[in-house]
Amino acid sequence: AETGAFTMETIGTSGEGRSLVALHFSGDQDEEPSEKLKVLIYAQQHGNEPSGKEAAIALTRDIATGEFTDFLTTVDFYLIPQINPDGSELEQRRNAAGMDLNRDHIALFTPEVAALHAYYNRLQPDVTLDVHEYGFASSSWVDAGFHKNFGQQIGALSNANMSLALRSYAWDRVIPEMEQELAPKNVHLRRYLVTDGPEARFRYSTAALNDGRNSMGIYHSLSFLIEGMNGLTVESEIRERTRQQLETIKSFVGFFSRNADEVREMVAREKAALVGGGVPADVSLVMDYVPDASRPTVTVGVIDLETGQKRDLVIENFHPQVQSTLNVRRPLGYLVPAGLTEVIAVLERHGIQMNRAEAATPATLEGYRIDAMTTTTKEDKDFLDVAVTGRRSETQIQEGDVIVLCDQPATNLIVTLLEPQS
């Protein structure tokens, strides 16, 4: 639909049939889209985190009324205000089928996340932002006598297979400039911290690929998430929560508008390196956070429930550094037997390039045998440690089998999806 300020399209439907709507703001219609930086922002993957959606609606208003439009001279802007309308109606984190959408970016089982990734694959944006909220009054904090007071939090690329140039640019340029710009607006931006409580370890956001940020960053988009503070109820303090989200989003968009040419060239260079042998020979399959002697502690804000006063806590159990614990050599490609239809369906949902064998063909293949599986922990969650042995043999590719070559933009995702130890 044409509105004069933006175009709107339905990119999919939720499990209960509600529309998933994307807005496209392009400013000067005469400007070639290829000359602008493509930025995609999406919000409310979790239905009980509404301030991102409210901020997206307010942002749309400010663009449509001309209050916030200067960025459109350099940015081709795409906005999905609400990924989880069913969860929003139910005021719950998960969708109507009980799935956590921000844990489905590997399998793409849910219609909401599958639609988001189909849209991402069509756009191929340079920059993405996923908007969330975090809880501040979990039982582990209340039992210790505190509420979290972490301000607005922001996370960026963290998987070890992603471009170091992009990761460094996010941490060293984008976030510090945003932090400085937001402070006079009473918005305190910090790097996103994850912990199970004040006595548990603190680390940054997951290095896994099953969230929105990293699942897009694996294609070398410059991808981020923000986490605003939630309320004691879904609606409480919603105006202030929305204000802080809106200011953060505007600062984010403003940074990339000012630095559009630099970012577009850098992202294009790093995306090009994913094909033609530009990536490292090894792929990191398993990662975890470890201590870093140069950053032994982290200071966080809290509210003392006894006094009601704000104070700082110095956390010594701080693990800020991502370390790879298992790497494998990147193969030429993978063979997926035709009978593994669920695996093939996941590859198709990701838009990964595949070829079907048209006839039986002799080939030298390396197969894996799973020798043992042990439950352990990574990133404070249960993890299945898989021991395998490989065996190379002369065999045949059967008619109908699927061949997935690694020399394509999804190269790091392909290895992560298909290696048994991932």
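Which side chain meets Arg-311 in a salt bridge? In this predicted model, the partner of Arg-311 is Asp-304, with an N to O distance of 3.6 Å. Arg-311 is partly exposed at 38% relative accessibility, whereas Asp-304 is buried, its relative accessible area being 14%. The pair is one of 27 salt bridges found in a search of the whole structure.

The protein contains 10 helices and 21 strands. Along the principal axes, its C-alpha atoms occupy a box of roughly 70 × 55 × 40 Å. The radius of gyration is 22 Å, in agreement with the value near 22 Å that a compact globule of 422 residues would have. Of the 422 residues, 50% are buried. Among contacts with a separation of 6 or more, 76% are between residues 24 or more positions apart.

In soluble globular proteins, nonpolar side chains tend to be buried together. The largest nonpolar core in the present model comprises 86 residues. Ile-41, Phe-77, Leu-222, Phe-224, Phe-252 and Phe-256 have the most contacts inside this core. When residues up to four places away in sequence are not counted, Phe-224 touches Phe-252 and Phe-256, and its other contacts include Leu-129, Ile-154, Ala-156, Ala-170 and Val-174. The contacts of Phe-224 also include Thr-128, Asp-130 and Arg-213. Another core, of 14 residues, lies apart from the largest one; Phe-150, Val-300, Leu-313 and Ile-315 are among its members.

Helix H10 spans residues 411-418. Seven of its eight residues are buried, so the helix is largely enclosed by the rest of the structure. The buried positions are Thr-411, Asn-412, Leu-413, Ile-414, Val-415, Thr-416 and Leu-418. These residues pack against strands S12 (282-290), S16 (321-329), S17 (333-336) and S21, as well as against helix H9 (341-349).

The loop between strand S19 (361-378) and strand S20 holds Glu-379 and Asp-380. Most residues other than glycine have a negative phi. Glu-379, however, has a positive phi of about 50°, and the phi of Asp-380 is also positive, near 65°. With 7% relative accessibility, Glu-379 counts as buried, while Asp-380, at 39%, counts as partly exposed.

Asp-380 meets Arg-203 in a salt bridge with an N to O distance of 3.2 Å. This pair links distant parts of the chain, the partners being 177 residues apart, with Arg-203 located in strand S10. Arg-203 counts as buried because its relative accessibility is 2%, below the 20% limit. The side chain of Glu-379 makes a polar contact of 2.6 Å with that of Thr-206. Thr-206 is placed in the loop between strand S10 (202-204) and helix H6 (212-217), and is buried at 14% relative accessibility. Besides Glu-379, Thr-206 touches Ser-158, Asp-211, Arg-213, Asn-214 and Tyr-289, residues up to four places away in sequence not being counted.

Further salt bridges occur elsewhere in the structure. Arg-93 and Asp-100 form one in which the closest N and O atoms are 2.9 Å apart. In this pair Arg-93 is partly exposed, with a relative accessible area of 31%, and Asp-100 is buried at 10% relative accessibility. A network of salt bridges links Arg-61, Asp-62, Glu-67 and Lys-250.

Asp-401 is buried yet has no salt bridge. The nearest side chain of opposite charge is that of Arg-356, at 6.6 Å, whereas a salt bridge requires a separation within 4 Å. The residue lies in the loop between strand S20 (381-397) and strand S21 (402-405). The side chain of Asp-401 instead reaches the backbone nitrogen of Gln-398 at 2.9 Å. Leaving aside neighbours within four places in sequence, the contacts of Asp-401 are with Leu-335, Val-336, Pro-337, Ala-338, Asn-355, Arg-356 and Ala-357.

Ala-107 is located in the loop between helix H2 (85-90) and helix H3 (111-123). At 14% relative accessibility, Ala-107 counts as buried. Apart from neighbours within four places in sequence, Ala-107 is in contact with Val-346 and Arg-349. The C-alpha atoms of Ala-107 and Arg-201 are separated by 29 Å, the two residues being 94 residues apart along the chain.

Notes. Residues numbered from 1 in each chain as written. Predicted model: local features only at pLDDT ≥ 70, side-chain atom pairs only at ≥ 80, totals over all residues. Heavy atoms only, no water. Core = buried A, V, L, I, M, F, W, Y, C linked by side-chain atoms within 4.5 Å. Buried < 20%, exposed > 50% of the residue type's maximum accessible area, 1.4 Å probe, protein only. Contact = heavy atoms within 4.5 Å. Helix = DSSP H or I, 4+ residues; strand = E, 2+ residues; numbered from the N terminus. Lys, Arg positive; Asp, Glu negative; His and termini not counted. Polar contact = N/O pair within 3.5 Å; in protein donor to acceptor, adjacent residues only side chain to side chain. Rg over C-alpha atoms; globule rule 2.2 N^0.38 Å.
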